[in-house]
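This report covers helix packing, salt bridges and a surface patch. The sequence and structure come first.

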Amino acid sequence: MNIDKQNRRNRSKKQQNTLNEQRTSNNQNEASNASIMAIAGNWIVAIGTIISAIGSTPSTIFTQQTQNDFHIIGHILEAGGIALVSETEDTLLYTVGDQLQAIGNVTVAAGLLSENEQTAQLLEKQGNLIQVVGLGLVIQTEGKLTLLQTLYNTGNIIQLIGTAIEAIASAETKEGEDMMAIGAWIKAGGAILTALATE
């Protein structure tokens, strides 16, 4: 009788251990999938910011329409990449921040597609400001950060600065266009740093 009880206990322990191993394996797989999604999302954002920066830079090589297309494609890529990253966030604040960035990028793209100049400028400015708010929400300000987390955070801060420059610059003047290009390249540099530091 005691042997039967012991066997049952052993079987129960084995089953419990198997369940724990499966849970651990599932958690590891989820963490790995989230990491891959975050890396992919941030590199899509980085590529988008580079394409957008090319579109923002005054050029004699590309036509105005081609530059505008670059700008639109870049912002759509940014929105898509950020949407991927938002799926991996573990806090509501960061999720909201990512979603605001995506909304901001879509707003800028809508402005670039608008045929009304005043509406276009308004949407671009509002879109950039929404992105600034979103970036502000995802910047970590508490706790001790690892080297990679510090670099990731620094990348987001650089992106915020670049986007803020884009938001306040006016496309109506040559100086304003140059400032927007500078802001776009600063943002691209920040996005690349963030992508490189993504774990």
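## Helix packing

In this predicted model, helix α5 (residues 147-168) and helix α6 (residues 174-196) have axes that come within 7 Å and cross at roughly 165°. Angles over 145 degrees count as roughly antiparallel, so α5 is roughly antiparallel to α6. The crossing of α5 and α6 is left-handed.

Helix α2 (residues 64-86) packs against helix α3 (residues 92-113) at an angle of about 160°, and their axes are 8 Å apart. The helices α2 and α3 are therefore roughly antiparallel to each other. Their crossing, that of α2 and α3, is left-handed.

## Salt bridges

The count of salt bridges comes to two. In one of them, the side chains of Lys 187 and Glu 78 meet at 2.7 Å, N to O. This pair links distant parts of the chain, with Lys 187 in helix α6 and Glu 78 in helix α2, 109 residues apart. Both Lys 187 and Glu 78 are buried.

A salt bridge also joins the side chains of Asp 178 and Lys 174, at 3.1 Å, N to O. Both residues, Asp 178 and Lys 174, lie in helix α6, four residues apart, which is about one turn of the helix. Asp 178 has a relative accessible area of 29% and is therefore partly exposed, since that class lies between the limits of 20% and 50%.

## Nonpolar surface patch

On the surface, Ile 39, Trp 43 and Leu 196 form a nonpolar patch, and together they have about 270 Å² of accessible area. Ile 39 is placed in helix α1 (residues 2-56). Because its relative accessibility is 30%, Ile 39 counts as partly exposed.

Definitions and conventions
Residues are numbered from 1 along each chain as its sequence is written. This is a predicted model: local features need pLDDT of at least 70, side-chain atom pairs count only at pLDDT 80 or more; totals for chains, interfaces and linings use all residues. Side-chain values use heavy atoms; hydrogens and water are left out. Patches are made of residues with over 30% relative accessible area and no salt bridge: like charges are joined within 9 Å, nonpolar side chains (Val, Leu, Ile, Met, Phe, Trp, Tyr) within 5 Å. Accessible areas come from the Shrake-Rupley method with a 1.4 Å probe; for residues, only the protein chains shown count as cover. A salt bridge is a side-chain nitrogen of Lys or Arg within 4 Å of a carboxyl oxygen of Asp or Glu. Helices (H or I, at least four residues) and strands (E, at least two) are DSSP runs, numbered from the N terminus. Buried means under 20% relative accessible area, exposed over 50%, partly exposed in between (1.4 Å probe, protein chains only). Axes are lines fitted to C-alpha atoms, for helices over the stretch in contact, and angles run from 0 to 180 degrees between N-to-C directions. Angles under 35 degrees count as roughly parallel, over 145 as roughly antiparallel, 65 to 115 as roughly perpendicular and the rest as oblique. A crossing is left-handed if the near helix is turned anticlockwise from the far one by less than a right angle, and right-handed if clockwise.
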